[in-house]
Structures are given as structure tokens and as C-alpha cells.
Amino acid sequence: MGRLFGTDGVRGVANVGLTAELALGLSVAAAHVLGDAGAFEGHRPVAVVGRDPRASGEFLEAAVIAGLASAGVDVLRVGVLPTPAVAYLTGALGADFGVMLSASHNAMPDNGIKFLARGGHKLDDAIEDAIEAHYHRYGVGDDEWKRPTGADVGRVRQYTEGFDKYVAHLVAVLPNRLDGIKVVIDGAHGAAARVAPEAFARAGAEVVFTLGAEPTGLNINDGVGSTHLDKLRTAMKEHAADLGIALDGDADRCLAADADGNEVDGDQIIAVLAVAMKEAGTLRRNTAVATVMSNLGFKLAMEREGIELVQTAVGDRYVLEEMKQHGFALGGEQSGHVILLDHATTGDGTLTGLMLGARLAATKQPLADLASVMTRLPQVLINVKGVDKNRVETCEELQAAVREAEAELGSTGRVLLRKSGTEPLVRVMVEAADEEQANAVCERLAAAVRTHLG
């Protein structure tokens, strides 16, 4: 049996791969691992449970709450809120752990379960493994674990203050207000469809238009949000706005658009915030953290601005681990996961958008001018399927082809070969000074992967 936990919790098609039975059993297991089952007799664990608006979240939430309460955990049910809100509330309310039901940017039929440790932090692999081992050992109906009875069963309470508490936190941490900034917000029909417009309005911005703000449970990420920017880009020009932000389903990431409707990606957002934080003296150790997939233009911009750059493996969890280990304040991914560790324990799309708006308001500069701190170099990605991915580093013929490509590109280009973690697939990424060269070199390397690893 494969590992249940992926890079961001447990995900699957709701009611197929991710069933009520699985949600119930995992929640019991999480209660014993995260709630410190050994101290149950003297300690009453508390968990914060939230979800995005997917229809399947309703029955999965019921299963999770049932599992937790049956294991003696008191539940604070916060309802539909973003992942970073659940993380924040887990820490702010002193809960033992948190649970978020969401499949982020995935289509509506999918859903997921994400557990958060005390303080609202993502789980280490070892903790996930312990939860999974407990689940496989005891399952759902096994009576080996001690079941509380009577007054010892968990109690469930609707926590209605979560929305206001989280929005107040977002506004309070801003370096300045957003007065005079006109904003378009795409909430992806997701967890921040209400939160984001409210936060921007309280911060002083004029929210001139919203889209993706009417979740039905069936329309999350459907043609809107950070994976579908066309409507946001059009709305920017129609409403003469200064800033457009697009969130994903659980609002842990954010992409942006400038006044002309041009996309501003995660690399550019981090670059803008890095410069702002350096000026303010809040960019700890004068360092930003990004992944190896960040555009070479971002790296060159950081060098030019005198900012150190640390790069990690792909995945916001690796960015976060690096930040926590070395005390860095800013990091993220090209996809829009931006982590501001002084104010959040995970990527927070609404907070990212607010910080971007605060920079516009403070400098009185258009977003296009601020984003021009970096120039995105053409980046081409080809996925080569059906190959022996484990020989990427050891195949001398392939490595010779890589060295030849790198010599051709020089300092204005880059080559990256990454093997998939789940498929017999190698990702070939090439950056170059112009798109024609990037395409040509990428096609040549993809052919070499097929030839030598096929």
C-alpha cells in the first residue's frame, strides 16, 4: 500500500479515494498522535477544524469531527475559512492541533485532509508516518485503543469568532494602510471568497470588483482563481484598478495582475516584498528563500539588489523548513505560495495580496513598475514520460548533453532535470535569454532523455 500522505496532506477524489471511513480513521489516529494520547486522562485535547466550501467537505467534516470527539478531543468548528486562517487560529487559541479539509487548487470532485501541529505548523514527515501507522494498526472499528465514555468524550462547539479574529490579525500586521488603492479580487469561489474582500476593505482599499466570490460548493476553482487568470486580467482594465489578486481554493497562495492586466507571478511578488522588507529592516539575515524552479531572472534581481537567495527543493514545505531552521522571514514559490513567517505559519494568499497592496500605497508606484525589479527570462518545461527516472544523475551520456547545453546558455540561461516523485517521468526545464533558444535547447535535452533513459 502506498503512503497516504502526499506533499500536502491526504488527497483524493471525495467518496472514492477519500472516504468518510478514511477521514474518521485518520482523525482518530491524529487524535492519539497529536493530542498526546498518553496524557488523555489528565489532559483534554482541543482541535480546530475548518474547511473550504466544497460540497464533499460537509460529510468529510462530519466524519473528522466524529473521529476526534470519539477519541476524547474537544472540537472548535470554525466552518469555511482559508487554510492559513485555520493555522492562525490553531496557534492563537492554544489548540493542540488543527485540521483543514481542502484540495487547494484541485477541481471540485477532489478533497483533502491536512493536519496542523500545535502552533499551526505543518507536520514533519515522521509525525505523518506515526499517524498513518496508527491508522493502519487500528483502523476504524478496532477496540484495542481505549475509548472514552461518558463525560470524557469530546465536545463540539461552533467557534463563530474565527472570521473576525483572522481578518483583524491580517489588518493589524500590515506596515501601512491601503487607502487610495483600487483592488479587484478573485476568490476562486473558495475559502477566502468572503475573507479577502473584507480584509482589503478594512485595510482601507477600495474593492472595485470581485469575482469567484459566490461559492456554491460545486464551483470552486471553476474557471476562476490563481489557475485561471483571464477573467482577472480583463477585469483589471475594465475597472481601472491598481491591483488584482487571484487566490486558490484554500487561499494559501496568491498571484497578481497589474493595471494593464499583466500577470505578476510568485517570483515577482517575492522580489517586490524582499526589496520592501530590506528597506524596512525586516528581511532577516538579508535573505529570501525560493525553490530551484524559480526563474533565473529572480535570482539575478536578488543579486542586483544585494539580497541573498537560498534555494530549496520544489514544494512550499521545503521552503518553510529552510526558513524555520535558519530564521528567515520571507520565502515562497513561483506558483504564488508566499510565506511571511513573522505573521503566518504557512503560505497565506490574502496576507500576500495585502502586503503587495501596502507596498503600492507606500511607494505610490504602479505594480508594473514595482514588479520590474526582475525580468522574467523565457522558461520552457517538457515532461518526458515512460523513462527510467532513477538514472538521471548517473547516465553519463545524458549528463554530457546537459553540460553541453549549459555551456551554450552561459550565465544567461539554466538547465534543470527533475525526476517525478510519483511517475516514471523526468521534467526538463530550460531558461534562456530568448524563447527560441530556450525551446530549442529544451527539445534537444528532452530528446536526449528519451534516447538514454527510455
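Me: Which residue in strand 3 is the bridge partner of Arg51?
Reply: Arg51 has Val80 as its bridge partner in strand 3. Before we go on, please note that this is a predicted model, where local features need pLDDT of at least 70 and side-chain atom pairs count only at pLDDT 80 or more, while totals for chains, interfaces and linings use all residues. Residues are numbered from 1 along each chain as its sequence is written, and side-chain values use heavy atoms, with hydrogens and water left out.

Me: What makes strand 2 and strand 3 a pair?
Reply: Two strands pair if DSSP finds at least two bridges between them. Strand 2 (46-51) and strand 3 (74-80) have six bridges and run in the parallel sense, so they meet that rule. Strands here are DSSP runs of E with at least two residues, helices are runs of H or I with at least four, and both are numbered from the N terminus. Strand 2 also runs parallel to strand 4, joined by five bridges, and there Val48 stands opposite Gly98.

Me: Why is the unit of strand 2, helix 2 and strand 3 called right-handed?
Reply: The word describes the crossover: with the strands pointing away from the viewer, the path from the first strand over the helix to the second runs clockwise. Strand 2, helix 2 and strand 3 make a right-handed β-α-β unit. Another right-handed β-α-β unit is made by strand 13, helix 9 (residues 296-304) and strand 14. Strand 13 (residues 287-291) and strand 14 (residues 308-312) run parallel, with five bridges between them; Thr291 has Thr312 as its bridge partner.

Me: Which elements do the buried residues of helix 2 pack against?
Reply: Among them are helix 1 (20-34), strand 2 and strand 3. The buried residues of helix 2 include Leu60, Val64, Ile65 and Leu68. Residues three or four places apart in an α-helix point the same way, because there are 3.6 residues a turn.

Me: Why is Ser104 called buried?
Reply: Buried means under 20% relative accessible area, exposed means over 50%, and partly exposed is in between (1.4 Å probe, protein chains only). Ser104 has 2%, so it counts as buried. Ser104 sits in the loop between strand 4 (97-101) and strand 5 (110-117). Leaving aside neighbours within four places in sequence, its contacts (heavy atoms within 4.5 Å) include Arg11, Asp52, Asn221 and Asp250.

Me: What makes Phe5 and Phe115 an aromatic pair, and which kind is it?
Reply: Rings of Phe, Tyr and Trp (its six-membered ring) pair if their centres lie within 6.5 Å; planes under 30 degrees apart are stacked, over 60 edge-to-face, and the rest tilted. A search of the whole structure finds two aromatic pairs. Phe5 and Phe115 are 6.4 Å centre to centre with 50 degrees between the planes, so this pair is tilted. The two residues are 110 residues apart, with Phe5 in the segment before strand 1 (10-13) and Phe115 in strand 5.

Me: Why is the pair of Tyr88 and Tyr166 given its name?
Reply: Their ring centres are 6.3 Å apart and their planes are at 45 degrees, so this pair is tilted. Tyr88 lies in helix 3 (residues 83-92) and Tyr166 in helix 5 (residues 162-172), 78 residues apart.

Me: Is Tyr88 buried, partly exposed or exposed?
Reply: With 24% relative accessibility, Tyr88 counts as partly exposed. Tyr166, in contrast, has a relative accessible area of 0%, so Tyr166 is buried.
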